[in-house]
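Hi,

Here is the structure I promised to pass on to you. Please have it open while you read, and my notes on what turned up in it follow below.

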Amino acid sequence: MTPSAPASAPAPAAIPAPVVAAARAMADRALSWLHAHRALGALPPGTTEELTDPDGVYKPLGETTLAASVILRDGMAGPGQLAAAQNLMDFTWLQLRKGDMLYERQLRHTLMTDPLEMYAHFVRCGYRHADMDRLLAHRIRLRSVHSVELLPNRRLAVANAARIAGLDHGEDFEALARATWLGATPEPWAINWITAYAMTHTVFHLTDWGGRPEGLPADLTAYVRTWLPVWIDIWREVRQWDLVAELLIVGACLSEPYCRPEDWEAMAALQHEDGLMPADGDPVDDDPVRRFKEHQHTTVVTAVAGSIALARAARAR
């Protein structure tokens with residue numbers, strides 16, 4: 001039997017006060033943990049632009065940069081937390097040799113998108129690398145670059161990174177949106193774990209992490225708002241906290257944010273006192289290195305979710 005859509009409720013005029021309190025606590029603690037453990041995310045000595053294991057340290061380094069850049073962009077953290085976010089940005093920038101590693105990687109691997117995507121987080125906060133800017137301006141004019149076959153949500157990621165970096169090449173974001181799973185407004189009960197992540201990132205890139213909520217077309221916004229409560233309930237039930245945190249970001253990115261207090265308070269209660277947010281319902285290892293590697297991503301997502309929710313709450317005042 002096909003389940004019926006949950007009853008729709010009027011969009012709240014403002015983000016509820018309990019959500020604001022939970023978002024503040026979650027973001028502050030998550031940022032503190034990321035800052036305190038930043039050395040565990042350093043690139044191994046001698047790392048070059050070839051990156052034999054890009055997902056091992058390089059990708060998480062970019063995720064930390066994303067969190068810090070969104071916190072600085074939104075500006076809703078206190079002075080101490082903003083200083084910590086700035087320190088994180090400086091740390092990751094130095095890890096990448098002040099942009100030289102990104103430039104060398106992009107120069108040697110024209111069709112790779114990760115240098116541009118990571119560079120965009122720095123550009124968001126005013127960091128620039130003159131040679132990288134010149135290279136990207138040349139690269140975006142190449143037919144081969146625009147012909148790379150990417151998953152639709154990944155194509156959105158690259159288009160948004162180019163937009164942030166000031167390299168908008170006339171991308172049709174509406175067409176890019178319609179090519180995604182979300183763009184088809186498919187049967188929502190057929191969603192699975194990997195599709196859910198693709199859906200969340202479609203929202204993230206169309207709205208530039210909540211900075212442009214109008215970037216998500218109205219019909220897709222209505223679809224997400226209808227089914228987001230169901231999806232959150234599903235992944236709360238199976239204790240996939242990383243995905244729940246990503247879904248909280250989705251809710252905060254909507255033109256009329258969907259932020260249910262019980263979801264935010266449940267996640268806040270799961271967060272460890274030091275700020276770590278567990279990835280799932282499994283026990284958290286005591287070893288500091290394993291703790292960082294296994295839960296850094298969820299803690300990044302938590303920091304981003306809290307910052308965006310606070311920024312959206314401030315705009316509604």
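The second largest cavity is lined by R24, A27, D28, L31, I71, M76, A77, S307 and L310. A cavity here is a set of points, on a 1 Å grid over the protein atoms alone, where a 1.4 Å probe fits but cannot get out, and a lining residue has an atom within 4 Å of a point. This is a predicted model, in which local features need pLDDT of at least 70 and side-chain atom pairs count only at pLDDT 80 or more, while totals for chains, interfaces and linings use all residues. Residues are numbered from 1 along each chain as its sequence is written, and side-chain values use heavy atoms, with hydrogens and water left out.

The volume of this second largest cavity is about 70 Å³, where volume is the space filled by probe spheres set on the grid points, which are joined across faces, edges and corners. Both α1 (17-36) and α14 (288-315) supply at least two residues of its lining, and α1 gives the most, with four residues. Helices are DSSP runs (H or I, at least four residues), numbered from the N terminus. By class, this lining has six nonpolar, one polar and two charged residues. Ala, Val, Leu, Ile, Met, Phe, Trp, Tyr, Cys and Pro count as nonpolar, Asp, Glu, Lys and Arg as charged, and the others, Gly among them, as polar.

How many cavities of 30 Å³ or more does a search of the whole structure find? There are three. The largest cavity holds about 200 Å³ of space. Its lining has 17 residues, and R139, V145, H146, V158 and E171 lie nearest the centre. Two or more lining residues come from each of α6 (130-139), α7 (143-146) and α8 (152-164), with α8 giving the largest share, four residues. This lining divides into 10 nonpolar, three polar and four charged residues.

Now for the helix packing. Two packed helices are described by the angle between their axes and the distance between the axes.

Let's return to α1, whose axis comes within 9 Å of that of helix α13 (residues 261-270), crossing at roughly 30°. Axes are lines fitted to C-alpha atoms, for helices over the stretch in contact, and angles run from 0 to 180 degrees between N-to-C directions. The two helices, α1 and α13, are therefore roughly parallel to each other (angles under 35 degrees; over 145 is roughly antiparallel, 65 to 115 roughly perpendicular and the rest oblique). Their crossing is left-handed, meaning that the near helix is turned anticlockwise from the far one by less than a right angle. In the contact (heavy atoms within 4.5 Å), P18, V19, A22, A23, M26 and R29 of α1 meet P261, W264, E265, M267 and A268 of α13. Nine of these contact residues are nonpolar, none polar and two charged.

α8 also has helix partners. With helix α10 (residues 193-206), the axes come within 9 Å and cross at roughly 20°, so α8 is roughly parallel to α10. N153, L156, A157, N160 and R163 in α8 meet A198, H201, T202, H205 and L206 in α10, and this contact has four nonpolar, five polar and one charged residue.

Helix α5 (residues 114-123) packs on α8 at about 40°, with the axes 8 Å apart, which makes α5 oblique to α8.

Enjoy exploring!

Technical notes
On a 1 Å grid over the protein atoms alone, a cavity is a set of points where a 1.4 Å probe fits but cannot get out, and a pocket is an open set with protein on both sides within 12 Å along at least five of seven lines; lining residues have an atom within 4 Å of a point.
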